[in-house]
Amino acid sequence: MSEASAPHAAERRELTTVQRNAVAELLRVSPVADELGRRFARAGHELHLVGGSVRDALLSRLGDDLDFCTDAHPDQTLRIIKGWAESIWETGREFGTIGCQRDGLRLEITTFRAEAYDQVSRNPVVEYGTNLTDDLRRRDFTVNAMAVSLPEHRFTDPHGGLDDLAAKIIRTPGTPAESFGDDPLRMLRAARFAAQLCFAVHPDVRTAMTSMAADLDRITAERIRDEFTKLLCGTDPITGLRLLVDTGLADRFLPELTGLKLTIDEHAQHKDVYEHTLTVVSNAVSYETDGCDFVLRMAALMHDVGKPATKAVGADGRVSFHHHEVVGARLTKARLKAMRYPKDVTSQVTKLVGLHLRFYGYGRGEWTDSAVRRYVTDAGDLVDRLHKLTRSDCTTRNRRKAAQLAADYDALEERITRIAAEEDLARVRPDLDGNAIMELLGVPPGPLVGRAWQHLKELRLERGPLDRDEAEVELLRWAHDQGLR
């Protein structure tokens with residue numbers, strides 16, 4: 001670490017004392033950890049609170065999940081916790097991890113490891129280690145390479161993690177090349193921690209991320225997806241996203257993001273669509289009310305990815321991106337599928353991208369009530385997210401235009417509220433169900449009933465609710481037009 005980035009010696013001593021006391025206090029109010037440590041000691045084994053648990057304790061943000069490491073192998077760990085733990089799970093056994101629960105805490109106990117890649121496979125090769133020093137050295141970053149022994153409360157920090165925590169910097173225990181060579185996912189994890197903790201990445205780490213970005217191709221899509229999700233849900237996702245683009249990591253699994261950098265927006269402003277996109281993501285975060293909404297953030301990130309492919313320059317020199325929402329939805333679906341996101345997440349994000357421009361046809365309220373119904377019906381249970389995405393997409397620096405767009409959207413939401421109070425917009429259905437259609441037309445179940453149902457739904461969207469008699473008349477009229485009566 002450079003002299004400029006390190007705390008002064010006196011500050012270091014004071015910080016170390018305060019934060020060591022914080023760890024001791026944490027363990028004092030969490031007797032489960034000491035009790036577990038005594039059980040391991042009686043069995044002749046070491047136990048240490050380690051990694052992210054120590055880091056988060058020092059940052060006063062520790063949750064109910066605690067991570068431990070030990071010289072005991074999984075079978076030995078199982079014998080030690082059997083009868084003490086309220087529940088036990090072995091899903092991480094192949095990686096040397098045994099999980100259990102006690103007094104509302106989730107505990108994961110992992111055998112000392114010497115984990116490395118064989119430089120060919122896409123998954124880590126796990127070998128058990130023999131001591132705490134080697135285990136800490138193989139960890140990703142210095143702020144995650146600290147330990148507190150149990151039940152003695154001895155603090156171990158061989159790589160200066162406490163100083164780096166104070167300096168808010170991400171650095172590797174060994175050389176970055178060695179660390180990333182063992183597990184290339186750590187490059188993505190560095191960007192994730194920058195987003196989660198609001199830390200800076202050490203220049204040497206950043207350089208290695210750039211030169212070794214292609215090594216990320218060795219990692220499975222699922223592992224990349226999980227790290228990226230945590231990054232996007234971080235406190236400062238913009239910093240993490242910039243790191244991905246600037247180091248070339250985004251090119252390996254999310255090239256659409258990098259592709260936005262060279263696309264000037266349709267207003268010919270100085271900013272490019274990439275900068276606009278980052279602003280939209282930041283805006284979307286500000287609209288969240290209950291923690292990270294990944295679907296909303298991802299839709300904000302992907303909403304303009306169709307612009308590069310649809311960019312056109314008119315005779316007057318103005319740039320346009322006609323139908324970029326359609327192309328963007330297609331690209332979004334393909335990318336999320338490649339990243340192995342669940343189908344429901346993929347469909348929701350894709351739908352929001354496809355709908356994000358719909359509001360701009362609203363103008364000064366020219367939409368009919370029918371158009372408003374279709375807007376709500378097409379959005380379905382995503383309508384609240386669509387509201388947030390649409391508002392987030394307004395990044396113009398023209399205050400008058402921004403105010404007008406906000407007023408227009410306020411008016412649309414007010415109309416939605418008014419119509420919803422009169423009709424059940426959340427569940428727009430035909431005024432006759434399938435059974436009534438079959439009875440009235442005298443037909444059995446089949447495609448014909450579906451076509452009639454769809455016709456009545458379209459009529460419902462166009463005209464609003466019909467009473468029973470009106471609905472029956474319209475159905476019979478449709479049947480006559482279809483040559484059915």
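**Sheet and helix packing in the predicted model**

Leu49 stands opposite Val148 in β6. The strands concerned, β1 (residues 47-50) and β6 (residues 147-149), pair in the antiparallel sense over three bridges; pairing requires at least two bridges found by DSSP. Strands (E, at least two residues) and helices (H or I, at least four) are DSSP runs, numbered from the N terminus. This is a predicted model, in which local features need pLDDT of at least 70 and side-chain atom pairs pLDDT 80 or more, while totals for chains, interfaces and linings use all residues. Residues are numbered from 1 along each chain as its sequence is written, and side-chain values use heavy atoms, without hydrogens or water.

An open sheet is formed by seven strands in the order β3-β4-β5-β2-β1-β6-β7, with mixed pairing. Its edge strands, β3 (87-89) and β7 (155-156), each pair on one side only.

Helix α2 (residues 31-42) lies across β1, β2 (65-70), β4 (97-102) and β5 (105-111). It runs at about 35 degrees to β5. Angles run from 0 to 180 degrees between N-to-C directions, and axes are lines fitted to C-alpha atoms, for helices over the stretch in contact. Helix α4 (residues 74-81) also packs on the sheet, touching β2, β3, β4 and β5. Contact means heavy atoms within 4.5 Å.

The axes of helices α17 (residues 324-338) and α18 (residues 343-355) come within 8 Å and cross at roughly 165 degrees. The two helices are therefore roughly antiparallel, a term for angles over 145 degrees. Their contact includes Ala329 and Leu336 of α17 and Val349 and Val353 of α18.

Technical notes:
Parallel < 35°, antiparallel > 145°, perpendicular 65-115°, else oblique.
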